[in-house]
Amino acid sequence: MTPNYGGAVDRRGDVRVEDSYAGYCDAVNALTHGVYHRPAWHDALAVYKLKTHWLTAMRGKVPVGSLPVVLQSSHLFGVTLTSLPWVDEAGPSGDPSAVAALVDHAVQLAKQRRCELLLKLPITAESIEFSDEWRPAAGDKVLLRRRLAPTADELWTELSAKVRNQVRKGEKSGLDTERGGGELVDEFFSVYSRNMRDLGSPSHSRRFFAALVDGLEGRASVYCTRHEGVVVGAGIVLDNRPSLDIPWASSLREYNSRCVNHAMYWRILADACEAGYDWFHFGRSSIGSGQHKFKMQWGAEEAPLNWLTYAPNASRNPAEENGDRFGLAQQLWKKLPLWASRRLGPHVIRLVS
């Protein structure tokens, strides 16, 4: 029988929920979970001093599920509990009764705070029945992903002639892509923060990325694409087997004619094939946007984001009343000096999901 999550209780049958980071660490190390449930997010979230509930479903003394939910609060965006901000999927994990107990507990936390609860369920989650108090939250955004071939050579033959030509153009332009770890975070950040400013969007703190890459150890890699020694494109990929995900990637606009993104993404995709991943997740995009079109070039398919919100007792989110102001804010952000956008960006992005 499919569970109906109405938020009535925080315990299902013989499953109880604990809220403890230490307990969460012990439990997750005993479970097989994706990268978005790893305790390493604790140190990255600590950069922004965000309150996080590390929920663990226990059956007796045995951990059977987990769910991290992060509290974000501001006068502009309201108050939200999110099952991990800034990523595409990080909802409750475990067997059906564990998932039900975790969701019920999270609902109780939201009721206590009189705030909205945002769950980002995995796109591969089985069909789940939610009560009428839940509503979709992804808007026009979808996840773009493509199934990978067993080898890079096979994937190359599956790409369109146009994409292959752009990859070759990048290689002939003298672009070189390096893969590494924490030692490349500074170079990644130099490109990422500048590109985000140019797009009119706040950027994460450099310390956020350093903490995350360091904490995830081998499950996070940094790619830097250089032209004559200068980093002109960069991305961070996360091992979320069976998929390799790229939540953050940027390139410098003045090098667009050299096909930086095509050269960088081809290197990442080729590495993903050789490492045995089944899928590559390009991340979410609004349908019809430039990012959406770029990702579709690679033979990506659209997958709906399973984002749901629960907010029966929440007060109105101020962001809903200020939609027109965000367009103006975006234009003003583009005019900020780079040093100012880097300093102010983390104070803004810590508040959005």
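Author: Start with Lys 49, which is exposed, with a relative accessible area of 75%. This is a predicted model.

Reader: Where is Lys 49 in the chain?

Author: Lys 49 is in the loop between helix 2 and strand 3.

Reader: And what is its backbone doing, what's phi of Lys 49?

Author: Phi of Lys 49 is near 55 degrees, and that is a positive value in a residue other than glycine.

Reader: What about Cys 259, what is phi there?

Author: Cys 259 also has a positive phi without being glycine, near 60 degrees. The residue lies in the loop between strand 14 and helix 8, which covers 260–274.

Reader: Is Cys 259 buried or exposed?

Author: Cys 259 is buried, with a relative accessible area of 10%. The cut-off for buried is under 20%, so a value of 10% qualifies.

Reader: How much of the whole chain is buried?

Author: Of the 353 residues in the protein chain, 54% count as buried.

Reader: And how many helices and strands?

Author: The chain has eleven helices and 17 strands.

Reader: Switching to rings. How many aromatic pairs are there?

Author: A search of the whole structure finds 21 aromatic pairs. One of them is Tyr 48 with Trp 86: the ring centres are 5.6 Å apart and the planes are at 75 degrees, so the pair is edge-to-face.

Reader: Why those two numbers?

Author: A pair of aromatic rings is described by the distance of the centres and the angle of the planes.

Reader: Which parts of the chain do Tyr 48 and Trp 86 tie together?

Author: Tyr 48 is in the loop between helix 2 (41–46) and strand 3 (51–59), and Trp 86 is in the loop between strand 5 (78–82) and strand 6 (93–94), so the pair ties together parts that are 38 residues apart in sequence. Tyr 48 and Trp 86 are both buried.

Reader: Which other ring does Trp 86 pair with?

Author: Trp 86 forms an edge-to-face pair with Phe 208, at 5.3 Å centre to centre and with 80 degrees between the planes. Phe 208 is in helix 7 (residues 206–216) and Trp 86 is in the loop between strand 5 and strand 6, so this pair ties together parts that are 122 residues apart in sequence. Phe 208 is buried, as is Trp 86.

Reader: Which residues make up the aromatic cluster?

Author: Tyr 48, Trp 86 and Phe 208 belong to one aromatic cluster, together with Phe 188, Phe 189, Tyr 192, Phe 209 and Trp 248.

Reader: Which charges sit over rings?

Author: Lys 120 lies over the face of Trp 307, at 4.6 Å from the ring centre. The charged end of Arg 145 sits over the ring of Trp 279, at 3.9 Å from its centre.

Reader: Tell me about Arg 145. Where is it found, and what is it in contact with?

Author: Arg 145 is found in strand 10, residues 141–147. The residue is buried, with a relative accessible area of 16%. Leaving aside neighbours within four places in sequence, Arg 145 is in contact with residues including Trp 279, Phe 280, His 281 and Glu 301.

Reader: Now helices. At what angle do helix 6 and helix 11 pack?

Author: Helix 6 (residues 185–199) and helix 11 (residues 338–349) pack at about 85 degrees, with their axes 10 Å apart. That makes helix 6 roughly perpendicular to helix 11.

Reader: Which residues meet there?

Author: On the helix 6 side they include Phe 189, Tyr 192 and Arg 194, and on the helix 11 side Leu 338, Arg 342 and Ile 349. By class, the contact has four nonpolar, three polar and three charged residues.

Reader: And helix 5 with helix 8, at what angle do their axes cross?

Author: The axes of helix 5 (residues 161–172) and helix 8 cross at roughly 100 degrees and come within 8 Å. Helix 5 and helix 8 are therefore roughly perpendicular to each other. Among the residues in the contact are Val 163 and Val 167 of helix 5 and Trp 266 of helix 8. The residues of this contact divide into four nonpolar, three polar and one charged.

Reader: Last one: which peptide bond is cis, the one to Pro 242 from where?

Author: The peptide bond from Arg 241 to Pro 242 is cis, with omega near 20 degrees. Pro 242 lies in the loop between strand 13 (230–240) and strand 14 (243–251).

Definitions and conventions: Residues are numbered from 1 along each chain as its sequence is written. This is a predicted model: local features need pLDDT of at least 70, side-chain atom pairs count only at pLDDT 80 or more; totals for chains, interfaces and linings use all residues. Side-chain values use heavy atoms; hydrogens and water are left out. Rings of Phe, Tyr and Trp (its six-membered ring) pair if their centres lie within 6.5 Å; planes under 30 degrees apart count as stacked, over 60 as edge-to-face and the rest as tilted. Helices (H or I, at least four residues) and strands (E, at least two) are DSSP runs, numbered from the N terminus. Buried means under 20% relative accessible area, exposed over 50%, partly exposed in between (1.4 Å probe, protein chains only). A charge sits over a ring if NZ of Lys or CZ of Arg is within 6 Å of the ring centre and within 35 degrees of the ring normal. Axes are lines fitted to C-alpha atoms, for helices over the stretch in contact, and angles run from 0 to 180 degrees between N-to-C directions. Angles under 35 degrees count as roughly parallel, over 145 as roughly antiparallel, 65 to 115 as roughly perpendicular and the rest as oblique. Contact means heavy atoms within 4.5 Å. Ala, Val, Leu, Ile, Met, Phe, Trp, Tyr, Cys and Pro count as nonpolar, Asp, Glu, Lys and Arg as charged, and the others, Gly among them, as polar.
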